[in-house]
Amino acid sequence: MAHLFISYSRADRPAIEKLSATLEEAGHSVWWDRHIRGGAAFANDIETQLHKADAVIVVWSSDANKSDWVKDEAVFARDKGILIPICLTDCEAPLGFRQYQVIDFQKWKGDPGASEIHSLLSAIAGLTGGDQPAAATPVEKSLLDKVKSEPPFMVGAALGVLALIAVIAFALMPRGTVEGAPEEQIALSDPEQSSEVSIAVLPFADMSPEGNQEYFADGLSEELLNVLVRVDGLKVASRTSSFALKEEILSIGDIAERLNVNHVLEGSVRKMGSQVRVTAQLIDAHDDKHLWSQTYDRHLSDIFRIQDEIATAVVDALRDELGMSEDEEIDIKPATENLTAYDAYLKARELYLARGKANVAESMRLFEHAVEIDPNFARGWEGLAGVYAIATSWGINDKDYSALALVAAERALKIDPELSAPYAVIGLTYRTHYPTPWAASIDNLKKAIERDPKGTDPRLWLGMNYLAVGEMKTAIEIFDGCLELDPAAKLCRKYRSLSYLALDDFDAAMIDANWNAEDGYYRDFDAYLPYFLKRGDRLLAFTVSRTVNWWGGFPHRDYIAAVENPDDQPPELLEKFKKWGESKKVNVTSHTNLMLTLKAYDEVVVDNFNNDYEHLWLPQFTEYRQSSYFKELAQGLGMVDYWREAGFPPFCKEVSETEFECE
């Protein structure tokens, strides 16, 4: 059988998967870029496989017709005499290929016995000298086929299914959910029904010969996203949401539906030495229509001009929908004129976002290198401030990184006072100082939000601050804003859930917990154990404990028993957990939830505190909040000074000038 090469546009990948599987089932060997080896030189692999191919199936479509890559591969196949063109959409091939008969696959639904497949297999056999396929024979319709072909029956079936789903959903619905609960605020809508102008900027594909410029392509995408997010009237899907689809194989329509947008900007970057080719295209997700596309072949030093031109072209294409006047312009200021510093910055930012101790350490080195090359690189200092601020949380403790973070943030603001992130870093860094200057921390986070109203990190940290000082309702409002901007923000969901839990609203808390669980995020789920056990679900309680406390040998049985019977614990239980911690090099006394569960109140002190304020306010720890231990901790953490200045939270009240009490 023949060795086949499939050339296609990325937007058509779902159909290509079905086509490849069908051809393989017919006995052919099929290669498409799914088979590229990890780390392989992208262009080299393609060229090798093209030369090996007995036939090249070029899949024309509205996207493929504009793709330089597909055209190049089609030219190779045409010149070698091994071209077999088919089409998924837009069956008029580009100029230079219209003299070839194109097999129409526009109505193909993946059926291996369809006439389209028979025509393609016949073309392959004719080109390669293989056996012609047997004539396609009519197949009796299955029940599913009949259902699909009977609109009235299909409508009735669909309504029946929806009714069944409604009954099940009602049966499983948590009781007591408040009006306007989180699930209503984050419900996705059909992009075709949305009247607002919205866009997702997908991570640009790295098409460089060595396949090692992903950080550069991601950086370009993020720069464009950051520019477009500042355009009035344009809703932009968050980086977290759009970049989360990076490894998924989805059509433009699926992407738009998933991200709740009606436009998609995608592209590719091919970087070779000092030259760069950037291809970008803006697609209307309603009808898969290309509103604009362009290829830029420039010197690398023009990268900021390219960003400016792409952003301007996108806004021009959407100007009428946005109601913008013709004289309103976008201006992208070069972050730095030094390309070496900018390259180091992009690498550093990619590692910073990836997290992990090794990545954070290398990110720090690269940010330091960037500002050493260009001391006036404001965003380089901004990035350095950010990585300094998180260094200690990743076990990097060789310097006073809290002080260094403040110095770097202030340096960034001195160069560019309009930056947002340095204020957020200052607010976050103040939080790690004991006693914490809560008012100053909150003020800086609010300044960050004023300068970047669509940023989620400052909202996350501001909400965490209000949760820390016991202002749960205010915290929930802040997290609502965070999740409105980015429904995929797991940390905002986590802390909103814990805020609801502190208010003893378990049903509302579980809505966010369920969302995070679906995404595989279980941090702090042991906060829900008392509720699971109260409902008699010990199996779920043990499962959660084993998921959260994943270290080998953790005393799960003793932990669950302590949660179930807080007033009946053996005196040696704390020592048992400490010995286990010593064997695993885990400081159990820094785990506030565990210490409060074991009633080891004297272990929850400023020196051991791990910034997990949310546990202090959980309903199961009322006894602790009424103790002298909590009063001493609250004083040491600066909470009492803040309360006396800003007012006591609902859980607490001032008794005298020197005394207070909490529920």
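Biologist: What is the handedness of the disulfide of Cys482 and Cys492?

Modeller: This is a predicted model, and the angle comes from its atoms. The torsion about the S-S bond of Cys482 and Cys492 is about 85 degrees. The disulfide is therefore right-handed.

Biologist: Which helices hold Cys482 and Cys492?

Modeller: The two cysteines are 10 residues apart in sequence, and the pair ties together the parts they lie in. Cys482 belongs to residues 472–485 and Cys492 to residues 490–502. Those are helix α19 and helix α20.

Biologist: How far apart are the sulfur atoms of Cys652 and Cys662?

Modeller: A pair of cysteine sulfur atoms counts as a disulfide within 2.5 Å. Cys652 and Cys662 are joined by a disulfide, with an S to S distance of 1.9 Å.

Biologist: Is Cys662 buried or exposed?

Modeller: Buried means under 20% relative accessible area. Cys662 has 7% relative accessibility, so this residue counts as buried.

Biologist: Which cysteine is in contact with Trp643, leaving aside neighbours within four places in sequence?

Modeller: With those neighbours left aside, the contacts of Trp643 include Val469, Trp617, Phe630 and Phe660. The list also holds a cysteine, and that residue is Cys652.

Notes: Residues are numbered from 1 along each chain as its sequence is written. This is a predicted model: local features need pLDDT of at least 70, side-chain atom pairs count only at pLDDT 80 or more; totals for chains, interfaces and linings use all residues. Side-chain values use heavy atoms; hydrogens and water are left out. Contact means heavy atoms within 4.5 Å. Helices (H or I, at least four residues) and strands (E, at least two) are DSSP runs, numbered from the N terminus. Buried means under 20% relative accessible area, exposed over 50%, partly exposed in between (1.4 Å probe, protein chains only).
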